[in-house]
Amino acid sequence: MNKPDIRVIIPAFNEQNAVGLVIDEIPKDWVSEVIVVDNGSTDDTFEQAKSRGATALKEPDRGYGNACLKGMAHIASSTSKPDIVVFLDGDHSDYPEQLVDLIKPIIEENVDMVIGSRALGKKEKGSMTIQQLFGNWLATTLIKLLYGKKYTDLGPFRAIRYESLLTIDMKDRTYGWTVEMQLKAAKLNLHTKDIPVDYRQRIGVSKVSGTVKGTLGAGYKIIYTIFKYL
């Protein structure tokens, strides 16, 4: 693969104070388009994304998967298609500059999908809650037992070949997005790799781990999805 065409999809909900920083820190010499999908924000997320030069889209139907699917639909409708798609959260908890580390195994080692693993990287104190740590451990343990595939994290920061993403045929519209991608990759015997990424405290309050409803909803959906695709 020569210099690849890389598109970044950032789902964002009420991230006006963070999304601009995320966009600014993406290595632009590697990326041809940054797509921010405003998932029904009530603040200036959309305007902040647009002012930073990103392609800003609106997806009023709430749900992490809905926002990601909107970004994918935009790519599908574009004249040219990318080689690699990177998914990145808009809350500034990830380090966008590590995008280069994620795409290298795809370019140099013929890997189909790379998961940015917070479990293997350095985590700032307080950046992940106890329920997040336990949930990741439980989910990855179940995947190993039921699908025979070892992952270390369900981290949202990930890179995937565009053709592999199409083959996976993503469907989930809410909390099951990341685990669905990994389960289907395992079932399709795609070549995947976990690499260390660093993680810091997000800007603002998490819509998932920051609330009891979000935590329970995400936990249920992840476990449900794991058994759904058996």
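**Overall build and details**

Guide: Of the 230 residues in the protein chain, 54% are buried. Bear in mind that this is a predicted model.

Visitor: What does the secondary structure come to?

Guide: The chain has 8 helices and 7 strands. Its radius of gyration is 16 Å, close to the 17 Å that the globule rule gives for 230 residues, so the chain is as compact as a globular protein of that length.

Visitor: And what box do the C-alpha atoms fill?

Guide: Roughly 45 × 45 × 30 Å, taken along the principal axes.

Visitor: Of the contacts between residues at least 6 apart, how many join residues at least 24 apart?

Guide: 78% of them do. As for the surface, the chain exposes about 10600 Å², and carbon and sulfur atoms supply 53% of that.

Visitor: Let's go inside. Which residues have the most contacts within the largest nonpolar core?

Guide: Phe87, Met181 and Ile226, in a core of 34 residues. The elements that give two or more residues to this core are strands S2 (33–38), S4 (84–87) and S5 (113–117), together with helices H3 (64–77), H5 (130–147), H6 (162–168), H7 (177–187) and H8. Helix H7 gives the largest share, 6 residues.

Visitor: What does Met181 touch, leaving out residues up to four places away?

Guide: Phe87, Met113, Arg158, Ile160, Leu165, Ile168 and Met170. There is also a second, separate core of 28 residues, which includes Val31, Ala49, Ala54 and Val197.

Visitor: What is Glu180 in contact with, beyond its sequence neighbours?

Guide: Leaving aside residues within four places, Glu180 contacts Asp169, Met170, Lys171, Asp172, Thr225 and Tyr229. Glu180 and Lys228 are 48 residues apart in sequence, with their C-alpha atoms 9.5 Å apart in space.

Visitor: Changing topic: how many salt bridges does the structure hold?

Guide: It holds 12. One of them joins Glu15 and Arg202, at 3.0 Å from N to O.

Visitor: Which parts does the Glu15 and Arg202 pair tie together?

Guide: Glu15 lies in the loop between S1 and H1 and Arg202 in the loop between S7 and H8, so the pair ties together parts 187 residues apart in sequence. Glu15 has 7% relative accessibility and counts as buried.

Visitor: What about Arg118, which residue does it form a salt bridge with?

Guide: Asp153, with the closest N and O atoms 2.8 Å apart. This pair also links distant parts of the chain: Arg118 is in the loop between S5 and H5, while Asp153 is in the loop between H5 and strand S6 (158–161), 35 residues away. Arg118 and Asp153 are both buried.

Visitor: Backbone next. What is phi at Asn14?

Guide: Near 55°, a positive value in a residue other than glycine. Asn14 sits in the loop between strand S1 (6–12) and helix H1 (19–25), and it is partly exposed at 24% relative accessible area.

Visitor: And Asn189, where is that found?

Guide: In the loop between H7 and strand S7 (192–196). Asn189 also has a positive phi, about 55°, although it is not a glycine. Its relative accessibility is 70%, so Asn189 counts as exposed.

Visitor: Last one, the surface. Which residues make the nonpolar patch of about 420 Å²?

Guide: Leu145, Leu146, Phe227 and Leu230. Of these, Leu230 is in the segment after helix H8 (212–228), and it is exposed, with a relative accessible area of 55%.

Definitions and conventions. Residues are numbered from 1 along each chain as its sequence is written. This is a predicted model: local features need pLDDT of at least 70, side-chain atom pairs count only at pLDDT 80 or more; totals for chains, interfaces and linings use all residues. Side-chain values use heavy atoms; hydrogens and water are left out. Patches are made of residues with over 30% relative accessible area and no salt bridge: like charges are joined within 9 Å, nonpolar side chains (Val, Leu, Ile, Met, Phe, Trp, Tyr) within 5 Å. Accessible areas come from the Shrake-Rupley method with a 1.4 Å probe; for residues, only the protein chains shown count as cover. A salt bridge is a side-chain nitrogen of Lys or Arg within 4 Å of a carboxyl oxygen of Asp or Glu. Helices (H or I, at least four residues) and strands (E, at least two) are DSSP runs, numbered from the N terminus. Buried means under 20% relative accessible area, exposed over 50%, partly exposed in between (1.4 Å probe, protein chains only). The radius of gyration is taken over C-alpha atoms; the globule rule is 2.2 Å times the number of residues to the power 0.38. Contact means heavy atoms within 4.5 Å. A nonpolar core is a set of buried Ala, Val, Leu, Ile, Met, Phe, Trp, Tyr and Cys residues joined through side-chain atoms within 4.5 Å.
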